[in-house]
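Here is a short report on one protein structure. Look it over before reading on.

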Amino acid sequence: MKFTKMQGCGNDYVYVNGFQEKIPAEEKPELVRRLSDRHFGVGGDGVIFINPAENADFEMEMYNADGTRAEMCGNGIRCVAKFVYDKGLTEAEHITVLSAGRIKYLSMVIHRQHPWDRGIVKKVRVNMGSPIFEPEQIPVKTEYIRSAGEGETKDQIVNEPIEVNGKEYSMTCISMGNPHAVVFAEDVRNLDLERIGPAFENHPCFPKRVNTEFVEILDRQHVFMRVWERGTGETLACGTGCCATAAACVLNGLTDSKITVKLLGGELEIEWDRDQNLIYMTGPAEIVFEGEIPEL
């Protein structure tokens, strides 16, 4: 089976061309775990299959490193755009990609050495859609929110207290097609994410687990973020997490609606268009290497 290793801001995945490689669905979780293993496999934060789609140009079928399905990955979908353009699966510079039933709209920034060159994709701008704040749609169980009264229903989880490992944190919860809890903190670089991350991910407040962003405000246009991704652990970047972070920053009055998110693996530009209620993400996509593995 042929594969392509790609990364966006250090968030790396193994990509498989589903137009050519036909893998039975029941075999994919084990294949994903094998490919994602950084010691005995190719190594990555997960595996993404690029498939035909009926209602979009392509489908992104995404798996976490532990073999579980994931709904969306901002860095991953940018790499999908580079894959399909650079490899000639499309001639279009604007495409639609279906992921877990939701369609995203992508525009590619093409690098050409000469005007007549077809060029290659260097950056991708993605319309990531509207942030979701309703707790039941994220999902979040509000009975675990300490400020909630008995039987109280909250419309949003903004700067709400939650107890994790015996310590109280304040979180803002948002879905960008997958669940996020954004926690503002100081000295984020020195946080013990190996201890804190799993406790958030598996907290009973989150019935489908959660991705947790730990964010340090630098100024009104810049933040620094580390992320613990469910099913994978700490990654160098998370596109949907950056989008959730931008929305959380605005809701808490901490930044402007257009920010640069600094990550361990690079930087992403995020803009929340409040009039359209759409979040746009712009960032790089790169091919690392390609290869072929024997059959399972």
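## Terms and model

A residue counts as exposed when its relative accessible area is over 50%, and as buried when that area is under 20%. Values in between are called partly exposed. The model is predicted.

## A charged patch on the surface

E295 has a relative accessible area of 62%, so E295 is exposed. This residue lies in the segment after β18, a strand that covers 286–292.

A patch of negative charge on the surface gathers E26, E27, E292 and E295.

## A buried asparagine

N75 sits in helix α2, which spans residues 74–86. Is N75 buried or exposed? Its relative accessibility is 0%, so N75 counts as buried.

Two polar contacts involve the side chain of N75. One is with the side chain of N11, at 3.1 Å. Another joins the side chains of N75 and R78, at 2.8 Å.

## A histidine in a loop

Where is H203 placed? H203 is found in the loop between α3 (193–201) and β12 (211–219). With a relative accessible area of 12%, H203 is buried, because buried means under 20%.

The backbone nitrogen of C205 lies 2.9 Å from a polar atom of the H203 side chain.

## In brief

E295 is exposed and belongs to the negative patch. N75 is buried, and H203 is buried too.

Note on methods
Residues numbered from 1 in each chain as written. Predicted model: local features only at pLDDT ≥ 70, side-chain atom pairs only at ≥ 80, totals over all residues. Heavy atoms only, no water. Patch = residues over 30% accessible without salt bridge, like charges linked within 9 Å, V, L, I, M, F, W, Y side chains within 5 Å. Areas by Shrake-Rupley, 256 points an atom, 1.4 Å probe, with all protein chains shown as cover. Salt bridge = Lys/Arg side-chain N within 4 Å of Asp/Glu carboxyl O. Lys, Arg positive; Asp, Glu negative; His and termini not counted. Charge placed at Lys NZ, Arg CZ, Asp CG, Glu CD. Helix = DSSP H or I, 4+ residues; strand = E, 2+ residues; numbered from the N terminus. Buried < 20%, exposed > 50% of the residue type's maximum accessible area, 1.4 Å probe, protein only. Polar contact = N/O pair within 3.5 Å; in protein donor to acceptor, adjacent residues only side chain to side chain.
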